[in-house]
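Open the model in your viewer and keep the selection panel at hand.

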Amino acid sequence: MEWLALTSSAIAFGLGIGMGLAARGRRQAPSAEPADTNGVAGERRTDIVTRLDEYKHVIESAGIGTFFWDPQADTIRWSHHHYAIFGWPTDMPVTHAMFRQRVHPDDLAAVDAAIDAAMRKGDDYAIRFRLCLDDASVRYVRGSGRVRLDDKGQPAGVNGAIVDITEATQARSASRQRELDLASVALYLPDIIGRFDRDLRCLFMSPRIEALTGRPPGFYIGKRPNEFGMSSNLAARWAAVIEDVLRNNRVREFDFTQADRHQVERFFITRALPSLDPEGQVETVLTISSDHTEREHDARQVREDGASLQRADRRKNEYLATLAHELRGPLAPISSAAQLIRFSTDRAVRNKAREVIERQVRQLAELVDDLMEVGRISSGKLEINRQLVSVQHVIEQALESTRPLLDGKGQRLSCVVPDTPLWLNGDAMRLVQVFSNLLTNASKYSPPLAAIGIEASADDTAVMITVRDEGIGLSAESMATIFDLFVQVHATGVEAQGGLGIGLSLVRQLVELHGGKVTAASNGIGKGSHFTVVLPRAQHGAALPSLPASPAALAAAPLKVLVVDDNVDGATTLALLLETLGHTAVSAFNGLDAVRLAAEEPIDMAFLDLGLPDISGVQVALQIRGTPKGRKLPLIALTGLGRDEDRYLTRAAQFNEHVTKPLRIDDLVRITREVAERRDSR
Amino acid sequence: MSEQLAAQKRVLIVDDNREAAEMLQMLLDLHGYAVEVAHTGEEGLALNARFCPHVVCSDINMPGMSGYEFAQQVRSARAGRDQFLIAITGGGDDMMERILGAGFDQRLTKPCSLDDILAPIDIFFASASRQ
């Protein structure tokens, strides 16, 4: 009952003071109580004891140790539980010093300070600190006390309590440690981590959420999924999954799409895991959300690529079947013809058979050539050789090659091209192939007597050529695929004229290799179509502004011309110009080569630069003139300066003409024409 | 029909490939058959009614009426039941059922040698004469 005595003395103390004060307040007032002092006082005493009992139970069950300390007398009375907390036997004499010895050295200063402050002001204190006990264990405690001052302002006594909070502290620090671990994991993982309690409220959200939604983690703490700003459907799904995990202690996975702060749709896969308390009950749910957007896009891309490859493969297989059929076509009459030749003695029959074989073999050869082109197109191995070529020249060649076909069907052709040449940097033969193809198609897919047109125009940077027809036209659906390989647009009633359907694919490849673009347009089936080719103009500078491109200026009689200049660019340009005019040029960059070429090649004329590195142009001329072949060969001197003495020299060397560089186009045309005329008139 | 023609073994060729048809015609002619040529299914039907061939050799892939349709029409006529129909194709194997279903008796693949084509015709005429 020592405890009771201690507590009761503490309370009595307080009561006593209170009563004393009250008594003093009342002075010598006659007592209002009835005369039966013993009975009432006895009742009061019992009442107090009962109440003290109750307090004791409360305090005991709370694990509170209590003390009373008289700092002036340095006496301390501890409750049983206080001793238990310190691990000392009950009733062992204790002093404040002994208490202080057990306080953890790191916490001692704070404890002293708290108590001193309370002692000075007659105040309360409460402080958490650690005790280092005899068995070297550390206990977390919470100490509190109330200081009473005497009327001199000195601490007269301290009533206080101490509670062992080790378990709670450890639990809290373990939980804090877990949270800290989670936080650092969350910081470095690309996934977004969340934690939800049994109420579906968010306890933790990783910082990465801010990059996704623009809202910091703090926005989410304490909120339920339906308050996160997701669509209500998505929030409901989240809630359902979390509840499932809470209730059934299992791992769940689900996926969803969600727009991020930039309105970009992202694809997530979330795993929800149960997090258990020490008793094995699901306490919280961890959610880990991975952004699978790129993987999803890649997967989608792979699927699309797969589908597209399958389609291409199917088309190719259909194509191969068509090819086999087409190839057999010519083989049948060849076989029959061969047998006719074998069995027939009739000359007419045999001649006919021979003709058939020749014709069909040619056709087969064309088919095989087309097949080779297909191979080249498929593997991207088409090559082009670039030269300066005029659109007018290309169109003219294309018309020439397709005219028989058009004439055969009585189709009328109209051709609109400007007079001034439109220069392209490209492969003349391939460009002719492009337009021949387009014209052939126009003819094939138009009825007899229909009109077909080709027109060319240009702006500053590009040349546009359009081939128009009034034929069977194109449907909107076929427009997307007609330039694909192996696609042939079949229309009923049109005689499938054979061929391998590579024409338009070849056209597109060639145009694109030249840096251009080809498009098809039509007003619908039966309403004709037109194909437009856009090609970049040759950026050749001022070299060729006024070269007339009408056929009259193009060489009727091509010459073979020797160009001699040690300036390679100069020689090349002149050679190009000559070739554009339809001549053949052979170049030399020094005098000795010039002399040799003049002797070896069947040249019709030569342009000679006078300033050569080894022997001068004049020397070259003299040497050429010394040969029988060269005596009458037209030689044109090219110099940088029209100096009079140079003219004298060149005349002496029997140059036919002396022109100053840069050579004007008009001069070039005139000179070559004169040479051609002179040659042909011989 | 002239008496002479009526006595001969008559073959009708239907093929849009003119040279192939002409060559075959000359070959069969060489072997004593009377041969007519049509270049479309419609032409073929008209010729069939007029010329009354014993044997018909027809291509399958033709513009307009296909070889299948042509064969069906030929078979649907009274005389058609006794005629010998040969399909000459350049296509794949999966067509066999369709060819037979349309009414053809036999199928030859281009290019066919003289023996390939003569054999069934000879056999047909040989067995016909036995009846």
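A residue counts as buried if 20 or more other C-beta atoms lie within 10 Å of its own. Keep that cut-off in mind, and note that this is a predicted model.

**Stop 1: chain B.** Select chain B and colour it by burial. Of its 131 residues, 37% are buried. Now switch to cartoon. Chain B has six helices and five strands. Trace the chain along its sequence and the order reads α-β-α-β-α-β-α-β-α-β-α. Among contacts in chain B with a separation of 6 or more, 56% join residues 24 or more positions apart.

**Stop 2: the largest nonpolar core.** Which residues touch the most other members of this core? Select B:V11, B:I13, B:M23, B:V56 and B:I86. The core holds 38 residues. Helix α2 of chain B, residues 18-30, gives the largest share, seven residues. In soluble globular proteins, nonpolar side chains tend to be buried together.

Centre on B:I13. Leaving out residues up to four places away in sequence, B:I13 touches B:A21, B:L24, B:Q25, B:V35, B:V37 and B:C57.

**Stop 3: a second core.** Move to A:V391, A:A398, A:A428 and A:L504. These belong to a separate core of 36 residues.

**Stop 4: the contact between chains A and B.** Show both chains. Chain A brings 20 residues to the contact and chain B brings 16 residues. On the chain A side, select α10 (293-343) and α11 (347-378), the elements that give two or more residues. Which of chain A's elements supplies the largest share? That is α10(A), with 13 residues. Colour the chain A side by class: 10 residues are nonpolar, seven polar and three charged.

Technical notes
Residues numbered from 1 in each chain as written. Chains lettered and ligands numbered in written order. Predicted model: local features only at pLDDT ≥ 70, side-chain atom pairs only at ≥ 80, totals over all residues. Contact = placed C-beta atoms within 7 Å. Helix = DSSP H or I, 4+ residues; strand = E, 2+ residues; numbered from the N terminus. Nonpolar A, V, L, I, M, F, W, Y, C, P; charged D, E, K, R; others polar. Buried ≥ 20, exposed ≤ 12 C-beta atoms within 10 Å, placed from the backbone. Core = buried A, V, L, I, M, F, W, Y, C linked by C-beta atoms within 7 Å.
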